[in-house]
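Hello,

Here is the structure for you to open. Please keep it in view while you read my notes below.

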Amino acid sequence: MPPKGSRKLSTIAPKHTLVLDNGAYTLKAGLVPAASTDLSYDSCTVIPNCIARSTRDKCTYVASELIHCKDFGELAFRRPVEKGFIVNWEAEKAIWEHEFVESTAGEGLMCDPKETNLLLTEKPNCPKELQKNCDEIVFEQFEFAAYHRSVGATFCAYTSADGSSLSSLPQECLLIIDTSYSDATILPIYSGQLIQSAVRRLNIGGKLLTNYLKELSSLRHYNMMEETYLLNEIKEAVSFVTSSKEQFSRDLERTWKGRLGDKRDLDTSIVVDYVLPDYEGSIHGYARPHDPVKSRMRRGLQPQQGPREDLLPVGNERFAVPELLFNPSDIGIQEAGLPEAIVQALGTLPEALKLAFLSNIVVVGGNSLIPGFMERLESELRMLVPDNYLLGIARADDPIKHTWLGAARFASQPDLLKHVLVSKAEYDENGSTWLAKKFAATAGR
Amino acid sequence: MPHVEVLPNSASAAAPGWTYVVDTGYDPSKVAINPKDRKRAAARPGARSDNELSARQQTAIARRIAELERDNDPKQSIAIAGKHATPKTQNARRIIQYQRQIKHWLDDEEAQLQQAPAPRTAQSSRRVGTMASIPPTPSEATPGPITPRPSATQADPSTQVDPLLSIDNLMPPPLDKAELDALLAAPPLSYAASHVGPPAPGGPPQRHFCDNCGYWGKIKCLRCGARVCGLECKEAHEATRCLKWA
């Protein structure tokens, strides 16, 4: 342990910061030099946060190695992040080392932790034990020079929805809707500080939607329970959100096969055939309008013509799956839909704040990319808030990297950063309990 | 010939090994074991309404949701290949070797909150304390936070305007600094406490979908209560998913 007087000398912060938005599905990472002004979404690298193993080619893919994978059939994933929190440090450590420390690190990401600051984002309402584990690993295993951990959405206050503005002052009132892989969270942020008592979480995330589509396709067509990667790809390719509940009923009608003896033609503008990849000639599948002849050939009712291909018809699954975000009760989850959840979260706040938050809503997270999501959210929310309230709702230009960009903007401003960073020397002196308290106190600065 | 009749008394009654008992109606402990009087139960007033679920259905739904929300399959264990830096400290070694899943940590958190309610109440009473020590401001003195301050502007004749043109009722009361500080200082909720609540009771009823094809579930399976859309799907349902034997 260094003598007391030398502490001040040893806390000169390094010049660059590793900004890491540690999501359950992907890591968003980038090295940010101090006082850099040309930050954009392009400075961010998106890396799968998983270790995948294929039983077919007996290969293990760690994080970014997944792009070399040529056969996603029956690919099994190990994800260190569960429900948004880093749970399995054995896997997460391997991934961090692989991506940032060892020679396998991606271009522009390799760093020596001892000469780097770490700015790490987390999900709100994280169990304290897990936060403590995280702090201990960062300082004791990786030995980062200095470190700050905070709820990711708070950094969004430092950047505007289109990712253009650069200011050292946070936006005053900002409501972040983060609809991510694990869940959807509603985070009211006042001057860069999270109003903890009003944070609400809806347990429907991209993972649940993928698993639901997997279940439905397995029940209705082929057994796909092992094909998580493929079903995620199909979900991203074909799903959409209907514009209203009434439109949902109409679309459901149009995709119905009809009764016995009263068969109906499926509406080919909604029903699509997804051509499944065979992992020999093709790695990725694609969707095309439904062709009833092909479907009869598939079931052996008509002789096979043309090259053999495997088709997965996708009908009402296209819109019934993302509908869960708006009606979780459709599969029996006793939670309100996303628009009502927003109203619930704001219900605890004073009227003036509510007004301000509703006028500045920014949606981040991958689910917001589903076509129709924003329109449905806006129209349903409009119905729930008084009509004299202004409703300003926008999707971040790149909803996946937006939180990272906010954090990077924050990290590029040395005077903001130096208030929140905790150096390794301070940690060594005070321990992890002190550190947890300090982060809780400086949560919003 | 004398007529001999055996009068019933308590001592001589032959016990047939069974007895009539008063029918007290619904007995939940028996229904789950042998739900034979399903039709009678449905006809009985005050029985389960149409949209309520049986215990078996509820378990099935809960299990399904847990399955949909799962992050990692416990059956597949993927070893980490290659050699990696060894843990540098005792703490790090312990943390890296944890094999726990998120549900263990969340259960731990709940148990800790229940075990140690003392610091929590102390914290909340402190928050109440800071709230109470603030001198009441005009907006706090009004009955509710939503009520606009009506008298302040109307009392002043120079700013008095036609009440129809007044925008005062459209504006919420200004933000109270002390209230805001209390909001910002509030500690985070626990994971379980930050759930979204159930939908408002007056809202639209739950929608039911066909168990098989996803169309509206208009027909209820008599055996297990799941919904199907028509005969074709009912047959498929009985062949595969019916919970009768689950």
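**What I found**

A:Val46 is partly exposed, because its relative accessibility is 36%. Here, buried means under 20% relative accessible area, exposed means over 50%, and partly exposed is in between, with a 1.4 Å probe and protein chains only. A:Val46 sits in strand E3 of chain A, residues 45-48. Helices (H or I, at least four residues) and strands (E, at least two) are DSSP runs, numbered from the N terminus.

First, a word on the source. This is a predicted model: local features need pLDDT of at least 70, side-chain atom pairs count only at pLDDT 80 or more, and totals for chains, interfaces and linings use all residues. Residues are numbered from 1 along each chain as its sequence is written, chains are lettered from A and ligands numbered from 1 in the order in which they are written, and side-chain values use heavy atoms, leaving out hydrogens and water.

**Chain A as a whole**

Chain A has 14 helices and 22 strands. Of its 445 residues, 61% are buried. Its C-alpha atoms fill a box of roughly 90 × 60 × 35 Å along the principal axes. Take contacts (heavy atoms within 4.5 Å) between residues at least 6 apart in sequence: 65% of them join residues at least 24 apart.

**The cores**

Which residues touch the most other members of the largest nonpolar core? They are A:Leu66, A:Ile195, A:Ile234, A:Leu353 and A:Phe373, out of 69 residues in that core. Apart from it lies another core, of 39 residues, including A:Phe144 and B:Ile95. A nonpolar core is a set of buried Ala, Val, Leu, Ile, Met, Phe, Trp, Tyr and Cys residues joined through side-chain atoms within 4.5 Å.

Look at A:Leu66 again. Leaving aside neighbours within four places in sequence, A:Leu66 is in contact with residues including A:Pro48, A:Tyr61, A:Phe72 and A:Phe77.

**Helix H12**

A:Thr403 is in helix H12 of chain A, residues 402-411. Is A:Thr403 buried or exposed? A:Thr403 is buried, because its relative accessible area is 8%. Beyond neighbours within four places in sequence, the contacts of A:Thr403 include A:Asp21, A:Phe155 and A:Val364.

A:Arg409 also lies in helix H12. A:Arg409 counts as buried, at 5% relative accessibility. A:Arg409 and A:Val32 are 377 residues apart in sequence, and 8.7 Å apart in space, C-alpha to C-alpha.

Best wishes
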